Amino acid sequence: MTIRPIHLLGSPALRERAVEIEQVDDELRQLARDLFDTMHADNGIGLAANQVGIARRVAVVQTEEEDALVLIDPVILEREGQVKGEEGCLSIPDIFADVERSARIVVEITTVGNERVRVEATDLRSRVIQHEIDHLEGVLFLDHLSPLKRRMLMKKWKKLRKGTKGHIKEVARPATGTPVF
Ligand code: CO
């Protein structure tokens with residue numbers, strides 16, 4: 001079990017466009033396992049590789065016990081409907097806001113077995129997948145908000161981070177609280 005440090009808002013890693021995987025190998029599978037370990041340890045339901053400082057197109061999602069999903073080179077093929085819902089992010093702890101997302105998506109991904117498959121998602125799963133794919137583009141949920149709302153949350157973030165140094169968070173042990181992605 002490897003829990004990796006998580007990059008926080010302000011880290012340039014979160015603003016990089018992650019590069020394609022193309023060929024799944026053991027190293028990539030290990031990275032996916034580490035992402036799950038790190039996500040679970042920090043009580044998350046989604047985590048992208050950028051968030052552990054690796055700009056490669058892989059993310060993990062787990063909104064239900066039985067629904068663990070590894071997204072490798074994900075591409076959204078279909079979108080339907082619009083729905084608002086609250087989001088948070090493991091890279092921006094304690095900051096939450098309503099974000100508008102597609103209600104239903106069909107996403108094409110490569111599996112850890114190196115197969116290209118399509119996955120349909122609705123509800124929270126759809127939301128988390130869109131949030132993680134944004135990460136792979138260097139986009140954060142804050143970017144979807146109005147300038148006013150964003151300014152307000154940035155003020156709160158600065159207050160919360162006052163006295164802390166750097167943009168890396170060591171995830172020491174499983175936490176409890178509201179699940180965030
Ligand atoms: Co996030």
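Student: Which residue in β5 is the bridge partner of G85?
Tutor: V99 is that partner. The model is predicted: local features need pLDDT of at least 70, side-chain atom pairs count only at pLDDT 80 or more, and totals for chains, interfaces and linings use all residues. Residues are numbered from 1 along each chain as its sequence is written, and side-chain values use heavy atoms, with hydrogens and water left out.

Student: What makes β4 and β5 a pair?
Tutor: Two strands pair if DSSP finds at least two bridges between them. Strands here are DSSP runs of E with at least two residues, helices are runs of H or I with at least four, and both are numbered from the N terminus.

Student: How do you know that β3 pairs with β4, and β5 with β6?
Tutor: By the bridges again. β3 and β4 share 4. β5 (residues 97-110) and β6 share 7. Both pairs run antiparallel. I105 stands opposite A121 in β6.

Student: Why are β2 and β6 called edge strands?
Tutor: The order in the open sheet is β2-β3-β4-β5-β6. β2 and β6 (116-122) each have a single partner strand, so one side of each is left without a neighbour in the sheet. Neighbouring strands are turned by 30° against each other on average, direction ignored.

Student: What lies across β2, β3 and β4?
Tutor: α1 does, running at about 40° to β3. Axes are lines fitted to C-alpha atoms, for helices over the stretch in contact, and angles run from 0 to 180 degrees between N-to-C directions.

Student: How do you know that the span of α1 agrees with its number of residues?
Tutor: The expected span is 1.5 Å times one less than the number of residues. For the 16 residues of α1 that gives 22 Å, and the end C-alpha atoms are 22 Å apart, so the values agree.

Student: Why is N50 called buried?
Tutor: Buried means under 20% relative accessible area, exposed over 50%, and partly exposed in between (1.4 Å probe, protein chains only). N50 has 0% relative accessibility, so N50 counts as buried. Its place is in the loop between β2 (46-48) and β3. Leaving aside neighbours within four places in sequence, N50 is in contact (heavy atoms within 4.5 Å) with residues including H7, E16, R56 and H135.

Student: What makes a set of residues a nonpolar core?
Tutor: The members are buried Ala, Val, Leu, Ile, Met, Phe, Trp, Tyr and Cys residues, joined through side-chain atoms within 4.5 Å. The largest such core has 20 residues, with the most contacts inside it made by L35, L47 and V58. α1 (26-41), β3 (58-61) and β4 (69-87) each give two or more residues. The largest share, 7 residues, comes from α1. A second, separate core of 17 residues includes L71, V119, A121 and I133.

Student: How do you know that the chain agrees with a compact globule?
Tutor: The radius of gyration is taken over C-alpha atoms, and the globule rule is 2.2 Å times the number of residues to the power 0.38. With 181 residues the rule gives a value near 16 Å; the chain has 16 Å, so the two agree. Of the 181 residues, 48% count as buried.
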